[in-house]
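Subject: Structure handover

Hello,

Here is the structure for you to look over. My notes follow below it.

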Amino acid sequence: MRFGPVALAQAQGAILAHAIALPGGKLRKGRVLDAADLARLAQAGLAEVIVARPGAGDVLEDAAARRLAAALVPDPDGQGLTCEQAFTGRVNIRATGPGILALDHAAIGRLNAIDPMITLATLAPYQRVAAGMMVGTVKIIAYAVPGDALAQACAAGAGALRRMPPRVGRVDLIVTQIRAAAGGDDDKGVRAVWARVARLGLDEGQTRVVPHAADAIAQAIAASDAGMILVLTGSATSDIADVMPMGLVAAGGEVIRFGMPVDPGNLLVLGRLGARPVIGLPGCARSPALNGADWVLERLACGVAVTGADIAALGVGGLLKEIPTRPQPRARRPEA
C-alpha cells in the first residue's frame, strides 16, 4: 500500500488518511474520495491531501476484517459466537449466551505474528461470558493489507475461539450451621453463591442447612442428585481432615485437592462423587467479589475437567483484587 500526500487532481478513488474538517461536515479518515469530495476540498483552499492507495493484491480494511472474523468463527451456532458488521477495519465478536471462552492460545499467537497490521485481541482463556459480551475484536490497523498475509492469518486462526456453554443442569447447595441463626435462605453468603449459579445459566436446586459435622455433610451429599454440589461451611475448612473433606469421603466421594494458590480463595476443596463435581467453597465465596472458587466453579459447570495440577497452575495471576469484606487484610499494619 502506498501512503503520502498527493495533489487533489490525483486523489480521486484514493483513501483519505486523515480526517479533514470542512464547512458542511467533516471528511472522515478511511473515506474513498470521490469527485464531490475533491470539489469541497478545493473550495476550502486545499491543494493536496494525504491518502493511501492499495497495491495489487491488497484487501481493504473492512473486507479483510470480515474475512478474518469469518475464519475465526466459521460455525457461529456451533461455536456459540456471533460476528458483528465490519467498521473502520474492525469486527467485534460476541457471545450468544452464558459460559466460558475457550481459546487456541498458540493459534492466536501465530495469527498475530504474521503481519502487525492484522490483529486479534481476545478475553483471557476461560473467562466467564454472558450473552452479548464481547469476547474478541479483529482489527485491521492499515487501510489495506496484503492478500497473502491475510490468507495466512485466516488459516492460522481458523476456529480458534468458541464459547463453552454450561453443561451442569442443576446445582445443590449444602450450608453448615455452627449456630442456629446462620445459614438460612436469607443469609447474604447463600445469596451470593446462588447469584454465581444464576449468572452461569444453571438451575438452582435445594439449599440444605445441616450441622457443621462430617456425618451431617456426608448425609446431605449422599442425598443430592444434582449435577454439581456446593458446600458452604459455617467455619472455613482448615485441614484435609476437617469436616467438609471428611464428609465427602464418608459419602463415598474423593478429595482431588485441598487448597489453591489464589488469593482470595485459598481454602477451596475440590472433590467429586462419582462423575459429579463437589466444591467446598472458601469463606470468600460469601462475597460477590471475584475469588478463586469462581474460576473452578465456572470451568466445571461448562464441562472443563479441573485437576489438582490445573489448580496449581492458577497461581500465576492468582493474586486477585483485595475485597473489603475479607476479615484478614493482606498487609499488616505497623505496630504502635
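Tyrosine 126 counts as partly exposed, because its relative accessibility is 30% (buried means under 20% relative accessible area, exposed over 50%, partly exposed in between, with a 1.4 Å probe and protein chains only). Its phi is near 65°, a positive value in a residue other than glycine. Tyrosine 126 sits in the loop between strand E8 (118-122) and strand E9 (128-129). Helices (H or I, at least four residues) and strands (E, at least two) are DSSP runs, numbered from the N terminus.

Before going on, the ground rules. This is a predicted model, where local features need pLDDT of at least 70, side-chain atom pairs count only at pLDDT 80 or more, and totals for chains, interfaces and linings use all residues. Residues are numbered from 1 along each chain as its sequence is written, and side-chain values use heavy atoms, with hydrogens and water left out.

Threonine 88 also has a positive phi, about 45°, although it is not a glycine. Look for threonine 88 in the loop between strand E5 (81-83) and strand E6 (90-95). Threonine 88 has 46% relative accessibility and so counts as partly exposed.

There is a cis peptide bond too. It joins aspartate 263 and proline 264, with omega about 5°. Proline 264 belongs to the loop between strand E16 (254-258) and strand E17 (269-273).

**Helix pair H4 and H5**

How do the axes of H4 and H5 cross? Helix H4 (residues 105-114) and helix H5 (residues 147-156) have axes that come within 8 Å and cross at roughly 175°. Axes are lines fitted to C-alpha atoms, for helices over the stretch in contact, and angles run from 0 to 180 degrees between N-to-C directions. The two helices are therefore roughly antiparallel to each other (angles under 35 degrees count as roughly parallel, over 145 as roughly antiparallel, 65 to 115 as roughly perpendicular and the rest as oblique).

H4 brings Ala107, Arg110, Leu111 and Ile114 to the contact, and H5 brings Ala149, Gln152, Ala153 and Ala156. Contact means heavy atoms within 4.5 Å. By class, this contact has six nonpolar, one polar and one charged residues. Ala, Val, Leu, Ile, Met, Phe, Trp, Tyr, Cys and Pro count as nonpolar, Asp, Glu, Lys and Arg as charged, and the others, Gly among them, as polar.

**A three-strand sheet**

Strands E1, E3 and E2, in that order, form an open sheet with antiparallel pairing. Two strands pair if DSSP finds at least two bridges between them. Strand E1 (2-7) and strand E2 (15-16) are at the edges with a single partner strand each, so one side of each has no neighbour in the sheet. E2 pairs with strand E3 (residues 48-53) in the antiparallel sense over two bridges. Isoleucine 15 stands opposite alanine 52 in E3.

Helix H9 (residues 292-301) is mostly covered, with nine of its ten residues buried. Among them are Asp294, Glu298 and Arg299. At the helix start, a side-chain oxygen of asparagine 291 comes to within 2.8 Å of the backbone nitrogen of alanine 293. Just after H9, glycine 303 has a positive phi of about 85°.

Cysteine 284 is in the loop between strand E18 (276-281) and H9. Cysteine 284 is buried, at 7% relative accessibility. Its C-alpha atom is 11 Å from that of serine 235, 49 residues apart along the chain.

- Threonine 137 lies in strand E10 (residues 134-140). It is buried, with a relative accessible area of 13%. A polar contact of 2.8 Å joins its side chain to that of asparagine 92 (a pair of N or O atoms within 3.5 Å; within protein, one must be able to donate a hydrogen and the other to accept it, and residues adjacent in sequence count only if both atoms are side-chain atoms).
- Glycine 189, in helix H6 (residues 188-199), is buried at 0% relative accessible area.
- Arginine 208 is in strand E14 (residues 203-211). Arginine 208 is buried, with a relative accessible area of 19%.

Best wishes
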